[in-house]
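Me: I have a structure open and would like to go through it piece by piece. Can you take my questions as they come?

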Amino acid sequence: MLTLLFDLLLGLGLVVAALGALWSRDLFRAVVLFIVFGLLVALAWIRLQAPDVALAEAAIGAGLTGALLLDAVGHLRRTSRTEDE
Amino acid sequence: MNRARVLASVALSVGVAVMLGGAVLSRTVPSFDLAGDLAEGIPRSGVAHPITAVLLQFRSYDTLLEIAVLLVAVVVALALRDPRPAAEAVHDEASANTAISTPVLASLTSLLLPLMIMTAVYLLWAGAFQPGGAFQAGAVLAALGVLWRVAGRRIASFAASRWQHVGLLAGFTGFLAAATAPLLFGRPLLAWPSSYAGAIIVAIEAVLTVSVGISLLGLFASAPEPGDERV
């Protein structure tokens, strides 16, 4: 019962994080939600008894991709600021 | 026009959902017992963890090609890098000004460095008998490099050095050498004798870890440095 509740919450959280990442107007917010989404996907893989995929997802999907996207957002902000000046 | 588009997408989604539901409900039993075959083959593979056995023994050809694809992707990314040589001195000043530099971050980075290396080595070693392996360990190594760069330590000199190229190539060439070595002894490609298979797999994974780490870090490092706004 409790695991079913957890799975349902996880599924709901996945959809909410995905929608938030897609629809957010603020890029920084979208990237953070994308990282949250990646971590939730990793949890989902663990629930599906695929810890190998979960490890790869957490490290590459959420961690490295998130860092690259954050870097890109910071870069975009700085370039748009210098253009404004 | 817009309405029709919405209606069409709703119809499509409902259709896909119905078909997915149907597929889940009428699940057929596969005619091959792959899980059974795998369990039977594990003792001959040289490693105890089924996933590692599949990746580096039973389906190692796929993994070899995967590494080649990763290498090509990184080479393309590096080729797209700004070819103008970074003026090191100016560059240093610029990144010193813009990189986040707080004492906490700096000391935390130094503290995390050995821990992350240890985690990577553990993941690599654990891959032989439980979840883990070269890709995960490589990702941890790359994350270490990313943290290093975000904390304002420079990795540009490494990114431009020959060591990076050696590290990038080591994984694929090492794997390829190990893959073709059995041919010299009249065995098929990638068919290692069971008695050596475990050691060969661990050696390949160790080299792959370094290569994967450097590849992933290469993608990050070839992005413009903080404070480098020449785009």
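**Helix 4 of chain B and beyond**

Me: Which residues of helix 4 of chain B are buried?

Reply: The buried residues there are B:S60, B:T63, B:I67, B:L70 and B:V74. They sit on the same side of helix 4 of chain B, because they cover an arc of only 65° around the axis. The arc is that of the directions from the helix axis to the C-beta atoms. A residue is buried if 20 or more other C-beta atoms lie within 10 Å of its own, exposed if 12 or fewer, and partly exposed in between, with C-beta atoms placed from the backbone.

Me: Why would residues a few places apart point the same way?

Reply: An α-helix has 3.6 residues a turn, so residues three or four places apart point the same way.

Me: Where do these coordinates and numbers come from?

Reply: This is a predicted model, where local features need pLDDT of at least 70, side-chain atom pairs count only at pLDDT 80 or more, and totals for chains, interfaces and linings use all residues. Residues are numbered from 1 along each chain as its sequence is written, while chains are lettered from A and ligands numbered from 1 in the order in which they are written.

Me: What scores does the model get?

Reply: The model has ipTM 0.75 and pTM 0.76. Chain B averages a pLDDT of 82, and 84% of its residues score at least 70. pLDDT is the predictor's confidence in each residue, from 0 to 100.

Me: Where in chain B is confidence lowest, and where highest?

Reply: It is lowest in helix 5 (residues 88-98) of chain B, with a mean of 47, and highest in helix 1 (residues 2-25) of chain B, at 93. Helices (H or I, at least four residues) and strands (E, at least two) are DSSP runs, numbered from the N terminus.

Me: Back to helix 4 of chain B. Which exposed residues are on the face turned away from the buried side?

Reply: That face carries B:Y61, B:D62, B:L65, B:V69, B:V72, B:V76 and B:A79.

Me: And what do the buried residues of that helix pack against?

Reply: The buried residues of helix 4 of chain B pack against helix 3 (50-58), helix 9 (162-184) and helix 10 (194-221) of chain B. Two residues are in contact if their C-beta atoms, placed from the backbone, lie within 7 Å.

Me: How many residues does helix 4 of chain B have, and what does it span?

Reply: Helix 4 (residues 60-79) of chain B has 20 residues and reaches 29 Å from its first C-alpha to its last, close to the 28 Å expected. The expected span is 1.5 Å times one less than the number of residues.

Me: Is helix 7 of chain B mostly covered or mostly exposed?

Reply: Mostly covered: 15 of the 17 residues of helix 7 of chain B are buried. Helix 7 (residues 134-150) of chain B should span 24 Å, and its end C-alpha atoms are 24 Å apart, which agrees. B:G152, with a positive phi near 95°, follows helix 7 of chain B.

Me: What about A:Q49, buried or exposed?

Reply: A:Q49 is exposed, with 8 other C-beta atoms within 10 Å. A:Q49 also has a positive phi, about 60°, although it is not a glycine. Its place is the loop between helix 2 (27-47) and helix 3 (51-84) of chain A.

Me: What is the secondary structure of chain A?

Reply: Chain A has 3 helices and 0 strands. Its radius of gyration is 16 Å, well over the 12 Å that the globule rule gives for 85 residues, so chain A is more spread out than a compact globule. The radius is taken over C-alpha atoms, and the rule is 2.2 Å times the number of residues to the power 0.38.

Me: And how many residues are in contact between the chains?

Reply: 15 residues of chain A are in contact with 17 residues of chain B.
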